[in-house]
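Take a look at the structure below.

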Amino acid sequence: MARSNIRQQIQEVDQVVQEYPEYLDLLLLHKSILEILSTTGTLQTRAMKEALSDESVNTLLKRAVESKRPIIIFLDARIFDPDGVLSVAKKVIERLIEGGSEAISELEGLLRALGQDEVDAQKAVDAIIRGDTSWFKHLSEMYKVEPSLMLFIFDVSLRPFFEELARRVEKDIMETWWEPFCPVCGRVSAVARMKQRKRYMVCTYCGVQYLVDLFLCVNCNNKDPTTMGFISFEASPGYELNYCEKCRHYIKVLHEDRLKGKIPQGLEDLLTRELDIIAEGPEFNLKRV
Ligand SMILES: [Zn+2]
Ligand SMILES: [Zn+2]
């Protein structure tokens with residue numbers, strides 16, 4: 001099922017924090033970002049609310065299903081408030097600096113630039129909606145902040161909107177999408193949940209779950225079962241790595257019926273960081289999707 005709302009997600013972090021002491025710092029950082037999102041209600045523009053009306057959601061869903069393209073491309077970037085995006089971005093950067101990020105001086109530089117209106121927030125929103133990674137790459141070169149972190153800083157404020165969209169459409173799309181990318185936001189995820197021998201990708205951005213073939217590489221679309229690898233762990237049967245021998249990319253899979261602890265929606269990626277270290281380490285030398 002899709003993710004809970006932001007307030008419930010905060011409670012879910014509190015519930016698991018003791019179970020995963022090794023991820024304490026990451027969980028607390030995650031929680032404080034959720035707290036920023038829960039207090040930025042002003043971000044909800046009227047146009048965003050209209051886009052979430054039953055009628056609009058149904059139309060968006062229909063267009064996505066018919067074209068097999070993600071809902072995000074049918075959205076108008078002007079429904080979002082660029083000033084709101086900017087103000088959340090500043091708060092997130094401040095929190096990252098407080099948390100002792102490795103890139104403190106670079107983040108301070110970015111924060112100063114945002115304070116002096118040097119970054120066009122409308123362009124940031126347009127780039128998010130178009131899935132234009134080159135714009136963020138350019139920005140990350142200018143301010144020497146890693147591209148994925150740069151994208152996170154700007155797109156996190158739109159996440160509650162896409163999570164809501166995901167909650168609304170998931171039941172109609174979960175079993176029938178079959179594409180390697182997210183039906184809501186178009187991203188390709190590195191995390192899946194296995195339920196009754198069916199593999200559901202879990203979008204790490206909007207949280208929607210969608211069924212994919214067991215023998216599909218979501219990175220390169222390879223469907224040849226003889227070139228798929230599966231790495232399991234005797235001591236932790238709930239976790240598995242699936243990888244493709246052609247492109248050497250992997251995803252992390254949670255076997256729901258074998259998991260010992262609970263992994264709430266939205267924490268799948270964070271609570272399996274150890275698997276990334278194993279997958280990317282010298283033994284397997286794989287790349288994250
Ligand atoms: Zn998504
Ligand atoms: Zn592949």
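Which exposed residues does the face of H4 turned away from its buried side carry? They are Asp54, Glu55, Asn58, Lys62 and Glu66. Keep in mind that this is a predicted model.

## Helix H4

Helix H4 runs over residues 54-67, which makes 14 residues. From its first C-alpha to its last, H4 reaches 20 Å. That is close to the 20 Å expected at 1.5 Å a residue. Just after H4 comes Lys68, with a positive phi of about 55°.

## The buried side of H4

Five names make up the buried set of H4: Ser56, Val57, Leu60, Leu61 and Ala64. Viewed down the axis of H4, these buried residues fall within an arc of 130°, so they line one face of the helix.

What do the buried residues of H4 pack against? Their partners are helix H3 (46-51) and helix H10 (159-173).

## The zinc site

The zinc ion (ligand 1) has four protein donors: the SG atoms of Cys182, Cys185, Cys203 and Cys206. They lie 2.3 to 2.4 Å from the ion. Angles among the four donor atoms are 97 to 131°, and the site is tetrahedral. Along the chain, the donors follow the spacing C-x2-C-x17-C-x2-C.

Cys185 sits in the loop between H10 and strand E1 (191-195), and Cys203 in the loop between strand E2 (198-202) and strand E3 (209-212), so the pair ties together parts that are 18 residues apart in sequence. Are Cys185 and Cys203 buried or exposed? Both are buried.

Notes: Residues numbered from 1 in each chain as written. Chains lettered and ligands numbered in written order. Predicted model: local features only at pLDDT ≥ 70, side-chain atom pairs only at ≥ 80, totals over all residues. Heavy atoms only, no water. Helix = DSSP H or I, 4+ residues; strand = E, 2+ residues; numbered from the N terminus. Expected span 1.5 Å × (residues − 1). Buried < 20%, exposed > 50% of the residue type's maximum accessible area, 1.4 Å probe, protein only. Arc of directions from axis to C-beta. Contact = heavy atoms within 4.5 Å. Donors = N, O, S within 2.8 Å, 3.2 Å for Na, K, Ca; no water. Tetrahedral: all angles 85-135°; square planar, octahedral: opposite > 155°, others 65-115°.
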